[in-house]
Amino acid sequence: MTVEFKNSETLKNLMRAFAGESQARNRYTFAASLCRQQKLHVLEAVFQFTASQEKEHAEIFYNHMKELAGETVHIDGGYPVDITNDVPQLLRRAQHNEYEEFDPVYAAFADTAKAEGFPEIAASFRQIARIEQTHGNRFGQFAELLETGRLFVSDVKCGWMCLNCGHIQEGLEAPKACPVCDHDQGFFIRLEMAPYGGNLLK
């Protein structure tokens, strides 16, 4: 079944996804600001990192609608109001929202796009859905560390990286302050979770 794009449910789903990704980007930017206020700079970085990826997802969905340039697409939709000063709760809500996008939302959008004859759009929904799953996993991992008091403490000796200057130090706990740049403990992340981390202590 091939449907004319401007009359398709896929077009509306693209705009719903664009709106959702745009709002997620803003929510994560707001959450990053809260983390900065609470000196949880590593979580600030996680929210900002994810916000940047949500911006890219929004752009991908937006570009699929380029043949409708200059027109207005009307949609209905529901979007979360995740306002709280509780960072673990923000992480858990973000985890929930990312998993919901992964399945059922984007899975259903992909099925609709395929059924209506838009395989490239279906592929975008499926590919981005998998990314949203990894976002949910990451938010959940950091939420668990924060909830259990292990964000800056480890059961086994490990490497810790300062996100400000890149200093790496081994130990059971992240330094209270970086011995190189003097930034506080909130800037430290487990080395295996650091951007471009891996085994850098060889």
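**Note on the predicted model: sheet and helix packing**

1. The model has an open sheet of 3 strands, ordered β2-β1-β3, with antiparallel pairing. At its edges lie β2 (168–173) and β3 (188–190), each of which pairs on one side only. Strands here are DSSP runs of E of at least two residues, helices are runs of H or I of at least four residues, and both are numbered from the N terminus. Two strands pair if DSSP finds at least two bridges between them. Direction ignored, neighbouring strands of the sheet are turned by 40° against each other on average.

2. This is a predicted model, in which local features need pLDDT of at least 70 and side-chain atom pairs count only at pLDDT 80 or more, while totals for chains, interfaces and linings use all residues. Residues are numbered from 1 along each chain as its sequence is written, and side-chain values use heavy atoms, with hydrogens and water left out.

3. Strand β1 (residues 153–162) is joined to β3 by 3 bridges, and the two run antiparallel. W160 stands opposite R190 in β3.

4. The chain has 4 helices and 3 strands, in the order α-α-α-α-β-β-β from the N terminus on. Its C-alpha trace spans about 60 × 35 × 30 Å along the principal axes.

5. Helix α1 (residues 9–37) has 29 residues and reaches 42 Å from first to last C-alpha, close to the expected 42 Å. The expected span is 1.5 Å times one less than the number of residues. Just after α1, K39 takes a positive phi of about 60°.

6. α1 packs with helix α3 (residues 87–115) at an angle of about 165°, the axes being 11 Å apart. That makes the two roughly antiparallel (over 145 degrees; under 35 counts as roughly parallel, 65 to 115 as roughly perpendicular and the rest as oblique). Axes are lines fitted to C-alpha atoms, for helices over the stretch in contact, and angles run from 0 to 180 degrees between N-to-C directions. Residues of α1 that meet α3 include R16, G20, R27 and L34; contact means heavy atoms within 4.5 Å. By class, this contact has 11 nonpolar, 5 polar and 6 charged residues (Ala, Val, Leu, Ile, Met, Phe, Trp, Tyr, Cys and Pro are nonpolar; Asp, Glu, Lys and Arg charged; the others, Gly among them, polar).

7. α1 also packs with helix α4 (residues 119–147), at about 25° with axes 13 Å apart. That makes α1 roughly parallel to α4. T10, N13, L14, A17, E21 and Y28 of α1 make the contact with I121, F125, I128, E132 and F139 of α4.
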